[in-house]
Amino acid sequence: MRKWICSLMCAVLFMSITACGSTGDIGSAADAAETQTVETKDYKAGVIDASELIVHDGVVFWGSDRQLCSAQLDENQELDQFQSKGSLSTKVYSLAIDGDQMYIATGEGVVSRPLEDSAHETSIIDEHKLSGRAFQIYDGNIYFTYGTYLIRVPTAGGEEKKLETDIEAFQVTTEGIFCLNSDGDFLRVSLDGTERKTLCELDSEGEIFIQNDTAYITTGDDDDSIFVYELEKDSLGEISFDHTLSPYHPVWVTDEYIYYESEDYVIYQYALDSGTETPIQDDPRYNLPDYYSGQMENDVLYYVYSTNLYWIYLDSGEAMQIDRGEALSDRTLDSEDSSVSNASADDLEEAEAATSTGDEYNIAEDIGVYNSEGQARLESKYFTLYLPADGDWMYQTVDNTSINIYYEPSYESGNGGLLVSISAYDWSNNRYESFPHYTIAGLSEEKKYVAAFPTDVQYGADEEEGYRKMFEYVQRIDNKEEMADNNPFSCK
């Protein structure tokens, strides 16, 4: 397979892409290093990325519902000494720290509070509810997307400014904001929104990761390559891999490596200097998270998903997880290293049941949307769900065992929009019984399919009618005998 090897030091022209200023076949970093030493510019210097979990001065912070939690990193970069940092009046989504202030995206909007005073009341900076997305801070301003608007708000509060519209992904830098729009164009918007420039027409539905002076851009499709844009040179290249990338996971990049997840859910380490690839993790319980779900620190990737905290040592592939709510009791529910586990045998059996999915199982395998007698049919290898063809709904694969269905207008406006989560559980696993609102959607020989419904408001005022209509429909998902004729869900 053709492989383009990325270097940040030299480029040789190899093709011409009409939409871009210049393109290059990026040569070997090792060869370039013999002839010259080039200092790379850090485009992310001073930019602070918010996430559901962050690491700050050796302390990890995250939210568990309304509670703000923390843990120390010990000498092995493992989580230790768990503490509660107080509770907020509403749910914690993502957070960031700038100086002595913590900024938190909550169910009330973006708020701030002093870092060292956990009992201090929060101050509302902006009322946008950023559930399912994060924000970035640079030079006294907070940047985020709401719907498809790119918005800037001062960290001290004040008038918001819409910088750009039709934005699907963005990364703030010292030199402007690099974005992907709904057409898949890669563009740069000035920090004040007064200037914009289209750099390339990539037709990408992926994500952007900026390391030093290079942007790594996934396609968002089942491809074996990513785009590489050298920001200082305004030149586009491409890196091809040995395996097809999963469209559901981004790439994470260091000075030496690119980490990507294949469509078979194996995590690979790609060496930038040599182009060699090494599998480091093939456990389906561990994935490369979205950028708003975690943070990389000292080659360890820490992230939050569902009820768990995870961390992966990217040099060895060793991975661990712990229940984020029960972490305050130091109850480790799963670990590759038994020496860090304080859980009982019963705890570990429960965790095994909770996370066991089987190496071959993927709820979204062969998934697609089809028309069927005036209705839409969301169908995978394992289930079929009939939905209104005109219901403005969308689906999103969460992981190997879960699918979310959203009311699209509410999702795009940033109001959540979640209608129902469909999850597959092993027959020995009953942890869903603690959910406040759920039904058994269907039963197969191998799995129990559970429909979990949101209990908080997921729509804005002008979206209420459409959302309620769809929510009423999905509440028909129920495997009870008396509901059988009305259940739009079936499993195989």
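## Strands, loops and the predicted model

Helices, of at least four residues, and strands, of at least two, are DSSP runs numbered from the N terminus. In this predicted model, aspartate 183 sits in the loop that joins strand E18 (176–181) to strand E19 (185–189). Aspartate 183 has a relative accessible area of 52% and is therefore classed as exposed, the cut-off being over 50%.

## A negative patch on the surface

Aspartate 183 belongs to a surface patch of negative charge, in which Glu168, Asp183, Glu201, Asp203, Glu205, Asp221, Asp222, Glu263 and Asp264 gather. Another member of the patch, Asp203, is found in the loop between strand E20 (196–201) and strand E21 (208–211), and with a relative accessible area of 59% it is exposed.

## Two aspartates with positive phi

Most residues other than glycine have a negative phi. Aspartate 203, although not a glycine, has a positive phi of about 55 degrees. Aspartate 366 likewise is not a glycine and has a positive phi, here of about 60 degrees. The loop that holds aspartate 366 runs between helix H2 (345–355) and strand E34 (368–372), and the residue is exposed, with a relative accessible area of 58%.

## The largest nonpolar core

In soluble globular proteins, nonpolar side chains tend to be buried together. The largest nonpolar core of this model has 30 residues, and among these Ile405, Val474 and Ile477 touch the most other members. At least two core residues come from each of strand E35 (375–379), strand E36 (383–388), strand E38 (402–407), strand E39 (418–426), strand E41 (447–452) and helix H4 (464–474). Helix H4 supplies the largest share of the core, namely five residues.

## Salt bridges

The structure contains 11 salt bridges, and one of them pairs lysine 447 with aspartate 426, whose side chains meet at 2.5 Å, N to O. This pair connects distant parts of the chain, since lysine 447 is in strand E41 and aspartate 426 is in strand E39, 21 residues apart. Both partners are buried: lysine 447 has a relative accessible area of 6%, and aspartate 426 has one of 14%.

A further salt bridge joins the side chains of glutamate 379 and arginine 377, at 2.6 Å from N to O. Glutamate 379 counts as buried at 18% relative accessibility, and arginine 377 is buried as well, with a relative accessible area of 18%. These two residues are also part of a network of salt bridges that links Arg377, Glu379 and Lys492.

In the salt bridge between aspartate 49 and lysine 44, the closest N and O atoms are 3.1 Å apart. Here the two partners fall into separate classes of exposure, because buried means under 20% relative accessible area and partly exposed lies between that value and 50%. Lysine 44 is buried, at 13%, whereas aspartate 49, at 35%, counts as partly exposed.

## A buried threonine

Threonine 106 is placed in strand E10 (residues 101–106), where its relative accessible area of 1% makes it a buried residue. Threonine 106 lies 11 residues from leucine 95 in sequence, and the separation in space is 8.9 Å, taken from C-alpha to C-alpha.

Terms used: Residues numbered from 1 in each chain as written. Predicted model: local features only at pLDDT ≥ 70, side-chain atom pairs only at ≥ 80, totals over all residues. Heavy atoms only, no water. Patch = residues over 30% accessible without salt bridge, like charges linked within 9 Å, V, L, I, M, F, W, Y side chains within 5 Å. Areas by Shrake-Rupley, 256 points an atom, 1.4 Å probe, with all protein chains shown as cover. Salt bridge = Lys/Arg side-chain N within 4 Å of Asp/Glu carboxyl O. Lys, Arg positive; Asp, Glu negative; His and termini not counted. Charge placed at Lys NZ, Arg CZ, Asp CG, Glu CD. Buried < 20%, exposed > 50% of the residue type's maximum accessible area, 1.4 Å probe, protein only. Core = buried A, V, L, I, M, F, W, Y, C linked by side-chain atoms within 4.5 Å.
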